[in-house]
Amino acid sequence: MKSIVILISGRGSNMEALLQARLPARTAAVISNRPEAAGLALASSRGVTTEVVDHRAFEAREQFDAALTERIERARPDLVVLAGFMRVLGDEFVRHFEGRLLNIHPSLLPLFPGLHTHRRALAAGVRVHGCSVHFVTTHLDGGPIVIQAAVPVLLGDSEETLAARVLAQEHRIYPQAVRWFLEGRLHFGADGRLVVDAPEDAGGFLIAPALSQAEAND
Ligand code: GRF
């Protein structure tokens, strides 16, 4: 059976969605760079091995990246899944795992790479926002996109209400993307573009949930 390693830094709700998804893989470990990450207890309660590689214990980022690489490789995973992992990883780390390193980002990339995506979406006045699962490359939040979900931005949205609407979709698309990877459905064409060999009933690549009546009247 294939195996994955999940990296977290905090709450761990995407990690939980992955653990609940009955993926065709064993979660070999959940690793956090923060000992206080709430997701660690969640993972333990589901019987998953947890580890901490505290970035504050290392003088240089390269040392942290090397320790993290060593810890991950002990589990020999087929895929490394960044789920709210809030450290920028160095080029060497990224190259080492390239092609088997996925991330979820809370915006419709290439819009709003980096931090505070919901605040920036509100400030920009966009009417559609969302989230993206992408392969990680040395270009920050710029790797090939696997799947995206779009949500409306509603009148009266705050950063919190918008974040919650996006997060609900993150929990749908991340397990889907990981499943596609594990099933060998993600391929790179000769032009370097990502091709998703998904079954026609997979729900498509854009998830645009209909507005509920309450939201429509907002
Ligand atoms: C998510 O919004 C994810 O897209 C971003 O950080 C947040 C992590 O949330 N990278 P959680 O820890 O998965 O609950």
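A crossing is left-handed if the near helix is turned anticlockwise from the far one by less than a right angle, and right-handed if clockwise. H1 passes H6 in a right-handed crossing. Helices (H or I, at least four residues) and strands (E, at least two) are DSSP runs, numbered from the N terminus. This is a predicted model, in which local features need pLDDT of at least 70, side-chain atom pairs count only at pLDDT 80 or more, and totals for chains, interfaces and linings use all residues. Residues are numbered from 1 along each chain as its sequence is written, and side-chain values use heavy atoms, with hydrogens and water left out.

**H1 with H6**

- The axes of helix H1 (residues 13-20) and H6 come within 9 Å and cross at roughly 45 degrees. Axes are lines fitted to C-alpha atoms, for helices over the stretch in contact, and angles run from 0 to 180 degrees between N-to-C directions.
- H1 and H6 are therefore oblique to each other. Angles under 35 degrees count as roughly parallel, over 145 as roughly antiparallel, 65 to 115 as roughly perpendicular and the rest as oblique.
- H1 contributes Ser 13, Asn 14, Ala 17 and Leu 18 to the contact (heavy atoms within 4.5 Å). From H6 come Leu 167, Glu 170, His 171, Tyr 174, Pro 175 and Val 178.
- By class, the contact of H1 with H6 has six nonpolar, three polar and one charged residues. Ala, Val, Leu, Ile, Met, Phe, Trp, Tyr, Cys and Pro count as nonpolar, Asp, Glu, Lys and Arg as charged, and the others, Gly among them, as polar.

**H1 with H2**

- The axes of H1 and helix H2 (residues 38-45) come within 9 Å, crossing at roughly 15 degrees. H1 and H2 are therefore roughly parallel to each other.
- The crossing of H1 and H2 is right-handed.
- Met 15, Glu 16 and Leu 19 of H1 meet Gly 39, Leu 42 and Ala 43 of H2. The residues of this contact of H1 with H2 divide into four nonpolar, one polar and one charged.

**H5 with H6**

- Helix H5 (residues 117-124) and helix H6 (residues 159-182) have axes that come within 9 Å and cross at roughly 115 degrees. That makes H5 roughly perpendicular to H6.
- H5 and H6 cross in a right-handed sense.
- His 118, Arg 119, Ala 121 and Leu 122 of H5 make the contact with Glu 159, Leu 162, Ala 163 and Val 166 of H6. The contact of H5 with H6 has five nonpolar, one polar and two charged residues.

**Ligand surroundings**

- Around the ligand (a heavy atom within 4 Å) are Arg 11, Gly 12, Ser 13, Asn 14, Gly 84, Ile 104, Pro 106 and Glu 170.
- Ser 13 places a polar side-chain atom 2.5 Å from an oxygen atom of the ligand. For Glu 170, a polar side-chain atom lies 2.7 Å from an oxygen atom of the ligand.
- A polar backbone atom of Ile 104 is 3.4 Å from a nitrogen atom of the ligand.

**Backbone features in loops**

- The peptide bond from Leu 109 to Pro 110 is cis, with omega near 10 degrees. Pro 110 sits in the loop between strand E5 (101-105) and H5.
- Arg 22 has phi near 50 degrees, a positive value in a residue other than glycine. The loop between H1 and strand E2 (25-32) holds Arg 22.

Definitions and conventions: Polar contact = N/O pair within 3.5 Å; in protein donor to acceptor, adjacent residues only side chain to side chain.
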